[in-house]
Amino acid sequence: MIVGSHAITTETLAGAKLRRRKSLVDVSCDAVLALLLLVFVAPIAWMIVLSFQSDRAIISMFWELDLTLANIAGILAEDQPFRAQLVNSIAIVAGTVALCGTASTLAAYGLSKLKLPWWLNASVGASCAVVPLLPPMALVPGFYVTLIQTGLLGSLTGLIILNTILNLPFATVLMKIGFDEVPPALQEAASIEGAGEARTCWTIMLPLVAPSLITSSLFTAIMTWNEFLMGLTMTSGGTTSPLSVGIASLVQPYEVRWGQLAAVGSLAVVPIMVASVLASKRIIAGMTRGAVK
Amino acid sequence: MASTLGRRSSFFAKAATIPFLILIVGFGGYSWAQVVVMAFSHLRIESGNFVWTPAGLDNFRDILTNEVALYSLAVTTIFVVATVALSVVFGLVMALLVQRSQRLNRISQVVLLWPAIVAPVVVSLIWLLILSPNIGVLNKLLDTVMLPTQDWLGTEVGAIVAIIIVDVWHWTPVAFLMLYTALCAVDEEAVEAARCDGANEWQVIRYIKIPMLMPAILGTIFIRAVMGVKAFDEMYLLTAGGPNSATTLVSLHIRDVFFDQLNYGYGSAFSVLIVALMSLIIGVALVVQRLRRNRPFSAARKVQP
């Protein structure tokens with residue numbers, strides 16, 4: 001009896017010790033993780049802080065706090081190209097999402113649900129596999145000449161087409177995964193009811209793949225909004241360029257307006273960060289799903 | 001599906017792929033053909049029009065004698081190896097930490113998305129605000145704690161280290177998300193069984209989790225390597241290839257040659273060379289993978305009964 005109770009006490013003691021050690025490990029793991037999270041957030045936060053700081057406080061050797069809205073007001077002023085660039089960026093994103101969404105949905109539907117001749121299947125599949133591997137910079141010389149020949153150099157249409165080409169393979173893969181999940185019985189039922197293939201696609205399939213379409217559109221929109229290389233090389237700058245190129249043009253060899261620079265950066269980034277909080281599950285699904293393929 | 005399989009492909013089926021093919025094969029393929037043609041030509045602009053003359057292999061011969069071109073291949077290799085290794089290691093560590101943390105699990109997934117979706121050009125701006133010799137907060141911090149300040153972007157080694165750090169900061173979240181998703185799919189029963197057999201946490205990670213994650217790790221390495229070759233935006237603003245061309249990655253070299261030196265043929269030839277090298281490396285990787293899988297006594301075979 002006594003021996004038994006003694007054994008129990010030592011066991012619970014050992015258990016408590018083990019538990020305490022485990023919780024200590026948990027806490028230190030959490031501390032390391034929190035530190036890492038800070039490393040990833042602090043640089044962004046610092047830019048947002050600087051966008052409310054006066055240039056004098058930014059340049060100062062000491063730690064000063066001189067809050068102002070002048071940076072943001074200066075960027076939004078009438079004589080700045082910022083407004084035109086913002087409109088350009090929004091137009092390019094809207095055009096690319098529409099064109100890319102249409103083309104990718106149709107192609108993915110064909111790949112997933114319809115019978116295609118082998119050479120069509122192979123060429124669409126090969127494009128989806130190869131195009132994402134090519135460095136965009138290697139394609140720039142060709143795009144440049146093609147846009148000159150078609151008279152689209154420097155136009156929003158040209159940038160919409162280029163952004164669509166860069167995003168279309170990935171969007172098509174995402175949409176194909178979406179279509180593959182729709183049971184084929186639905187398609188058969190629709191065709192027995194007498195619906196044509198186009199009508200089946202529009203009224204039966206499209207609502208069912210809406211989540212995939214939203215994910216791929218969101219992804220295309222973010223990639224297009226962030227796109228820099230094509231905007232830089234295919235426009236002549238100023239009011240013809242998208243916002244990302246406008247930001248880069250504020251960095252000049254002499255006299256950089258650091259406050260305004262930080263303000264433009266924040267304005268370009270904060271909307272996407274807010275959207276990402278609301279749709280984080282979708283964006284993560286898009287990133288990881290397409291990669292697994 | 002049976003009903004569609006029996007039929008021949010319809011007009012609608014073919015029409016559905018037309019927009020895709022016009023854009024990718026038509027516009028994209030035509031543009032790529034231009035690059036290849038340009039690579040074997042001398043190009044001049046006369047009164048607004050391109051004048052093409054065949055050049056044979058001249059442009060490729062120029063690459064071999066151009067020091068900046070050869071250097072850019074070397075520095076890109078260093079950049080890709082360093083950024084892939086660091087971002088996959090950090091991503092793996094963070095995936096393991098996030099999975100075991102109850103308190104920070106949700107917030108980590110939201111917060112770690114941010115660097116990956118910030119525009120690359122803004123990423124370089126963010127790091128310019130940190131590393132700049134005039135206003136950079138890093139020097140300010142060092143100064144406050146009485147440590148010597150550095151001109152981070154002004155020295156050659158410093159600039160290379162800087163672009164590696166920036167790239168790792170930017171893309172580790174992508175590696176994290178891919179590895180974390182794979183980690184969540186690891187069979188809990190195997191982990192529990194190992195714990196019952198007395199394996200400690202480190203042994204579980206080393207002998208159960210990492211082997212089961214291996215396909216995801218290899219996939220992440222591949223994707224990050226491709227991203228590394230593509231890198232352009234971050235360096236364009238941060239270092240512009242300098243100082244003394246120390247950070248001239250292949251993308252920056254192509255832009256410099258094509259748009260600043262207006263050497264169209266040479267720029268295109270370099271593009272073709274990069275794509276050829278990438279295809280070669282990817283092809284070798286695929287063959288090696290296939291050979292390893294077919295080896296009679298490999299680990300993959302042993303698992304299967």
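How much area do chain A and chain B bury between them, and what share of it is on carbon and sulfur atoms?

1. This is a predicted model. In it, chain A and chain B bury about 8500 Å² between them, and 79% of that area is on carbon and sulfur atoms. The contact is made by 100 residues of chain A and 92 residues of chain B.

2. Charged pairs come next. Between chain A and chain B the count is 2 salt bridges. One salt bridge joins the side chains of Asp26(A) and Arg100(B), with an N to O distance of 2.5 Å.

3. On the side of chain A that touches chain B, the largest share comes from helix H1 (residues 2-50) of chain A, with 18 residues. By class, this side of chain A has 76 nonpolar, 17 polar and 7 charged residues.

4. Searching the whole structure gives 5 cavities of 30 Å³ or more. The volume of the largest cavity is about 70 Å³.

5. Which residues line the largest cavity? Among them are Ser89(A), Ile92(A), Leu159(A), Asn163(A), Trp225(A), Glu227(A) and Pro242(A). Helix H4 (82-113), helix H7 (156-180), helix H10 (210-226) and helix H12 (243-249) of chain A each give two or more residues to this lining.

6. The lining of the largest cavity divides by class into 5 nonpolar, 5 polar and 1 charged residues. Glu227(A) is in that lining, and glutamate counts as charged.

Definitions and conventions: Residues numbered from 1 in each chain as written. Chains lettered and ligands numbered in written order. Predicted model: local features only at pLDDT ≥ 70, side-chain atom pairs only at ≥ 80, totals over all residues. Heavy atoms only, no water. Contact = heavy atoms within 4.5 Å. Buried area = accessible area lost by both parts, 1.4 Å probe. Salt bridge = Lys/Arg side-chain N within 4 Å of Asp/Glu carboxyl O. Helix = DSSP H or I, 4+ residues; strand = E, 2+ residues; numbered from the N terminus. 1 Å grid on protein atoms, 1.4 Å probe; cavity = no way out; pocket = protein on both sides within 12 Å on 5 of 7 lines; lining within 4 Å. Points joined across faces, edges and corners; volume = space filled by probe spheres on them.
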